[in-house]
Every structure is written in structure tokens, then in C-alpha cells.
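Here are my notes for you to read alongside the model. Have a look at the picture before you go through the points.

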Amino acid sequence: MRQEEIWDSEVAQSYDTPGTGMFAPEVLEPTVDRLAELAGDGRALEFAIGTGRVAVPLAGRGVPVTGIELSSPMIDQLRTKVDEATIPVIAGDMATAVAPGEYSLVYLVFNTISNLLTQAERVACFRNAARHLTPGGRFVIELWVPELRKLPPGQQATVWHSEPGYIGLDTYDVLRQHVVSHHFRFDESRQARLTRSPHRYIWPAELDLMAQLAGFELESRHADWAGAEFTADSRSHVSVYRLPQD
């Protein structure tokens, strides 16, 4: 499953869920608040901008935002909200594509760095972020913590969410640190719809080492965008990496 095959027109047209899920105000508003604070008076670059879930409200706060996005259908969906002059988008891979200008903030949210399936691609992504930043600039990553404690020996799958009409489960290949997320959606009929997406999970310590290779230092790590303490039981983290001032 290649990323450009996953993020097709069908997914792009159904991606937005205004007011619910990751578009819920309690999810989105703290994200935008924190990113606006980190951007300050500078420009922001979003890797894998998608349909503009974060970029559109961030631009509405007065932060100049540019995006990089691999999927043309996702860009098309973004264009139903804002034009190119409002949020320019470069079509390409977040590990290699280059956006014009310099930025005080590069950000990569909602576990999207896990879409890069090799360690080498991840390191290239960090270096690409550093390439775009001014001295002292920040790279922000939101990422889930692998839940391998829920995976007993000999078991290869866990159900991570279940509600009426939906079951989400992950299958693991712990040798390669790969996981495939399976999303089953169903109604009262006998048919269910399955979508899947491959990921490579990554521990915070491995992420920190990749950051060092690209010249970053870890500035802060919290369990969420509101600044909750990151602990051994945290299911996700928001990590802020910063380049030296000189």
C-alpha cells in the first residue's frame, strides 16, 4: 500500500468530519493555540497538510502558512476552503520536497510521521524540516506512543477502538516496527467497509536521536497540546524540537 494510493479521491472527500473526531473543537483548538504561540511573528510550514484541518484555522489566526502534501486529491479538497494565495501548497513528499522561503515553525501532526515506513525516510524528514527553519526555529511532532504492552506474546493484533458502527484494530510486525491500522465501518446490513493504512511505529527515544542527527535539541515534550505532563502511561506526545540560535 503506497501512501498516494491510500489518500485517494474517495478518502479525501470523506476525510473532513466537522465538529467531531479530530475536527472536534476540544481537539483542534488547543492544537491551533499552541502552534500559533510557537510560530510567533514568523511563518509556519505544515508537512502533510492534507485538507487543511489545522492550517486553515491557523492561517485564520494571522499566521502565514505554507504546506507540503503528497496527495493531489487532498490538495483539491483543501482548495475548496482556501485558495493558493491564502495557503500555498507544494506537491511532494514531506521528506524531500522543498517550499520556498524560511520559517520559524515546521509542524507535523496527528501521527503522520508514522506514514514514513523506514528509518531513513524519518531522518530525511527531520533534515528537511531543519533545512526550512531559521536559526532557533522549531519542529513540532504529534505522535502516538506504541502500545506494545497491550500485545501479549504470540498475539499480533489489538483492538484500539470500538463503538457502534466502527471497529479499529492494529496488526503488528514487531521485527520491522510496522503496524497496519484496519478500520471497519458497518451498519445493520451484512456488509462492512474496510480501509487500511500502514505505519512504522517509533519510540520517543528513537525520535530524539533522529532529531539530533538533524541538528535539533528537544525543547519540550507533553502528553497533549494543552501541556499535560508526559508520563509512562501517556498514549501520545507533542514534542517540540529546536535548532540552535547560531
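1. What percentage of the 246 residues in the chain do buried residues make up? The figure is 48%, where buried means under 20% relative accessible area, exposed means over 50%, and partly exposed is in between (1.4 Å probe, protein chains only).

2. A word on where this comes from. This is a predicted model, in which local features need pLDDT of at least 70 and side-chain atom pairs count only at pLDDT 80 or more, while totals for chains, interfaces and linings use all residues. Residues are numbered from 1 along each chain as its sequence is written, and side-chain values use heavy atoms, with hydrogens and water left out.

3. Now the overall build. You'll find seven helices and 11 strands in the chain; these are DSSP runs numbered from the N terminus, with helices (H or I) of at least four residues and strands (E) of at least two. The chain's radius of gyration is 18 Å, close to the 18 Å from the globule rule for 246 residues, so the chain is as compact as a globular protein of that length. That radius is taken over C-alpha atoms, and the rule is 2.2 Å times the number of residues to the power 0.38. Along its principal axes, the C-alpha trace spans about 55 × 40 × 30 Å.

4. Next, contacts (heavy atoms within 4.5 Å). Of the contacts in the chain with a separation of 6 or more, 59% are between residues 24 or more positions apart. Phe126 and Gln212 give you a pair to look up: they are 86 residues apart in sequence and 9.1 Å apart in space, C-alpha to C-alpha.

5. Stay with Phe126, which sits in helix H6 (residues 119-132). Its relative accessibility is 0%, so Phe126 counts as buried. Leaving aside neighbours within four places in sequence, its contacts include Ile113, Phe139, Leu207, Met210 and Tyr241.

6. Charges come next, with Lys and Arg counted as positive, Asp and Glu as negative, and His and the chain ends not counted. The chain has 22 positive and 33 negative side chains. Side chains of opposite charge can pair when their charged atoms come close. How many salt bridges does the structure hold? There are 11, each being a side-chain nitrogen of Lys or Arg within 4 Å of a carboxyl oxygen of Asp or Glu.

7. Some pairs to click on. Glu84 and Arg79 meet in a salt bridge at 2.5 Å, N to O; Glu84 is partly exposed at 41% relative accessible area, and Arg79 is partly exposed at 26%. Lys150 bridges to Glu147, with the closest N and O atoms 3.4 Å apart. Here Lys150 is partly exposed at 47%, whereas Glu147 is buried at 18%. In the salt bridge between Arg200 and Glu206 (3.2 Å, N to O), both residues are buried. Arg138, Glu219 and Arg242 are linked in a network of salt bridges.

8. Finally, take a look at Glu46, in strand S1 (residues 44-47).

Key:
The place of a charge is taken as NZ of Lys, CZ of Arg, CG of Asp or CD of Glu.
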